[in-house]
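Hi everyone, thanks for coming. Let me put the structure up, and then we'll walk through how two of its pieces meet.

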Amino acid sequence: MSTRDLTRLALFAALNSVFEIAGGGILHMLNVPVTGNIMVAINLLLYLAVRMLVPKMGSVALVGLVTALVRFMNTPGFALKPGLAIFMESMIVEVVLSSLGVNRLSAIISGVALQLFVPLFRLGSTVLLYGWEMRHTAFDFITRFLPSYLREEILIVIFLLAVIYAFIGILTGWICYITALRLKRAVESRGSGDQGLTGCPKV
């Protein structure tokens, strides 16, 4: 890996860390109900840009690992959950991009996977940390934006949540792919000397 690649990885890891700590902190402080969805969208944009500018297997996972460690060290009480979520998200994107390449389809699949990961991680981590009896508390938090009469029908709620998060994921992946591709072209147009990505289609 060249010095240029390492510099770019460090830059994106720093940017991701700033967004996670500052941006995530502000959103949590304002109690924005879709904080997780917003943060994974930002993560995906940066991960796609990383893979386009540093087209090497493991580049996304490395940025995610560094971001997770920084997040862990800046979390009160050194709580493990935020950093673990960040690293798991980066691994999801790493696996998808390494398997399918960097293209519109892989971006959309990554977007859907990350958006579905948000409620699943919240529910799973709550149950693991606080016990099975806390599943209702986590589920109530995840479904708080749905009408009360729908929340009684568990199967309908699960289906609606899957559809909603998948749709958000499709939009997230599409927008992030286009934005990351334009960012890559902007970097190249400024005389970065990149050779470009093989198989990276035009918008």
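Helix H2 passes helix H4 in a right-handed crossing; a crossing is right-handed if the near helix is turned clockwise from the far one by less than a right angle, and left-handed if anticlockwise. Helices here are DSSP runs of H or I with at least four residues, strands are runs of E with at least two, and both are numbered from the N terminus.

Before we go further, a word on the source: this is a predicted model, where local features need pLDDT of at least 70, side-chain atom pairs count only at pLDDT 80 or more, and totals for chains, interfaces and linings use all residues. Residues are numbered from 1 along each chain as its sequence is written, and side-chain values use heavy atoms, with hydrogens and water left out.

Back to our pair. H2 covers residues 35–53 and H4 covers residues 81–100; they pack at about 45°, with axes 11 Å apart. Those axes are lines fitted to C-alpha atoms over the stretch in contact, and angles run from 0 to 180 degrees between N-to-C directions. H2 and H4 are therefore oblique to each other: under 35 degrees would be roughly parallel, over 145 roughly antiparallel, 65 to 115 roughly perpendicular, and the rest is oblique.

Which residues of H2 and H4 meet? From H2 come Val40, Asn43, Leu44, Tyr47, Leu48 and Arg51, and from H4 come Ile86, Glu89, Ser90, Val93, Glu94, Leu97 and Ser98. Contact means heavy atoms within 4.5 Å. The residues of this contact divide into 7 nonpolar, 3 polar and 3 charged. Nonpolar means Ala, Val, Leu, Ile, Met, Phe, Trp, Tyr, Cys and Pro, charged means Asp, Glu, Lys and Arg, and the others, Gly among them, are polar.

Now, what is covered? In H2, 15 of its 19 residues are buried, meaning under 20% relative accessible area with a 1.4 Å probe, protein chains only (over 50% is exposed, in between partly exposed). Buried residues of H4 include Ile86, Glu89, Val93 and Leu97.

H2 reaches 27 Å from its first C-alpha to its last, close to the 27 Å expected at 1.5 Å a residue; the expected span is 1.5 Å times one less than the number of residues. Just after H4, Gly101 takes a positive phi of about 85°.

Finally, the whole chain: it has 7 helices and 0 strands, and 41% of its 203 residues count as buried.
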